[in-house]
Amino acid sequence: MQGKGRAIFDKRLKPILEAAHCAFDVVYTTHGGHAGELCLTLPLTYDAVITVSGDGTPYEVINGFAKRLDARTAFEKVAVVPIPAGSGNAFSLNLLGLVDGFDPVASLLNAIKGRQFASPAPSGHDTDLSKWTENLRWMGDTRFVVGFLKGVITNTPRQLRVLIKEPETDKPKLLDEFLAKPLSQTATPPAETPYSEAQQRMPLPKYIDETEGTNGWIEFDKPILYTYGGLMPYVARDLMDFPIKQPCDGFIHLVVQEIETRATMVKMIDVAPRGEPFYLNTHRYHKTRAYRIIPSGPTSKDRECFSVDGERIPYEGFHVEVHTGLLRTFSMHGKFIIPETFGKDGMKFHGGD
């Protein structure tokens, strides 16, 4: 932790840990990537790594574990638990909801009292929404709305190829399946598994060598405003873009937003925290096990970028797959926390074709 996270820990969290007689060690990070470096050699005697930060530091921890020779054992033995101190705090929001998910004390109580919960890594990517916002971190999660508005004003199609493996795209059917499944206790982790030395490493991607047009790969064929992929319902407090995502179901959910009128997109801002963009027909929703994003046409790498959890990454093609149930965290609820009324409020699909 550093900066804001350090102040929150020292003033609000450390006294609670001491009062609860928790045994803990504290590390203040000093540079980007520091948490990942520490986790490369972290003894697996801890119950959890608790990050007081935005979502970037849990990513560092996860990537540090993933690079270990004993990666699978590290993920099974040591949970990764977030305390919100950043802009989006999506990991905390999905575990605790819109109120407690921004409360460091409530999040610490979750870390102390919660049970182990198998979770997808708190990942998400977008191809436009955050590209102007790196210098607006002082605005907190409002910076994502500003980035979205700038994208809507330009309303320019992205020069991208989007390839998706065997996607499920029937939103009414997907919604019915979501409503039919009980949400409580959906992701109790399995018992620890003894691995051979060869099995300890991170699993290799299954589909990366498959060629487009084969094995169920299809290409999205309409003009694209943005794409967004995620493993948890909330992207930020102002956007629940994947409302039917369940933990550890083996899928990643990918939204590809077609070019739409500016008026319609602006209207979506007010209803986005409730997941209502899902009902917009041009908000193309894909439940898939893998996808690829490939830049196409002339572009400037200085002006264009991809974003993973609000962090810029090089504007180059990439391939995404899901490692199901790899990560452990703590949860007092055993499920993602979204409004219980979603899908039951009589909303109709609308717009587009």
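## Overall make-up

In this predicted model, the protein chain contains nine helices and 16 strands. Of its 353 residues, 50% count as buried, and the accessible surface of the chain comes to about 16400 Å², with 54% of that area belonging to carbon and sulfur atoms.

Among the contacts in the protein chain with a separation of 6 or more, 79% are accounted for by residues 24 or more positions apart.

## Helix α5

Helix α5, which spans residues 90-100, is mostly covered, since eight of its 11 residues are buried. The buried residues are Ala90, Phe91, Ser92, Leu93, Asn94, Leu95, Leu96 and Gly97.

What do the buried residues of α5 pack against? Their partners include two helices, α3 (56-66) and α6 (104-113), together with the strands β2 (79-84), β3 (115-119), β8 (234-236) and β16 (327-331).

## The second largest pocket

The second largest pocket has a volume of about 820 Å³. It is lined by 29 residues, of which Asp25, Tyr46, Ala48, Val49 and Ile50 are the closest to its centre. The elements that give two or more residues to this lining are α1 (4-19), α2 (34-39), β1 (48-53), α3 and α6, and the largest share, five residues, comes from β1.

By class, the lining of the second largest pocket is made up of 24 nonpolar, three polar and two charged residues.

Technical notes:
Residues numbered from 1 in each chain as written. Predicted model: local features only at pLDDT ≥ 70, side-chain atom pairs only at ≥ 80, totals over all residues. Heavy atoms only, no water. Buried < 20%, exposed > 50% of the residue type's maximum accessible area, 1.4 Å probe, protein only. Helix = DSSP H or I, 4+ residues; strand = E, 2+ residues; numbered from the N terminus. Contact = heavy atoms within 4.5 Å. 1 Å grid on protein atoms, 1.4 Å probe; cavity = no way out; pocket = protein on both sides within 12 Å on 5 of 7 lines; lining within 4 Å. Points joined across faces, edges and corners; volume = space filled by probe spheres on them. Nonpolar A, V, L, I, M, F, W, Y, C, P; charged D, E, K, R; others polar. Areas by Shrake-Rupley, 256 points an atom, 1.4 Å probe, with all protein chains shown as cover.
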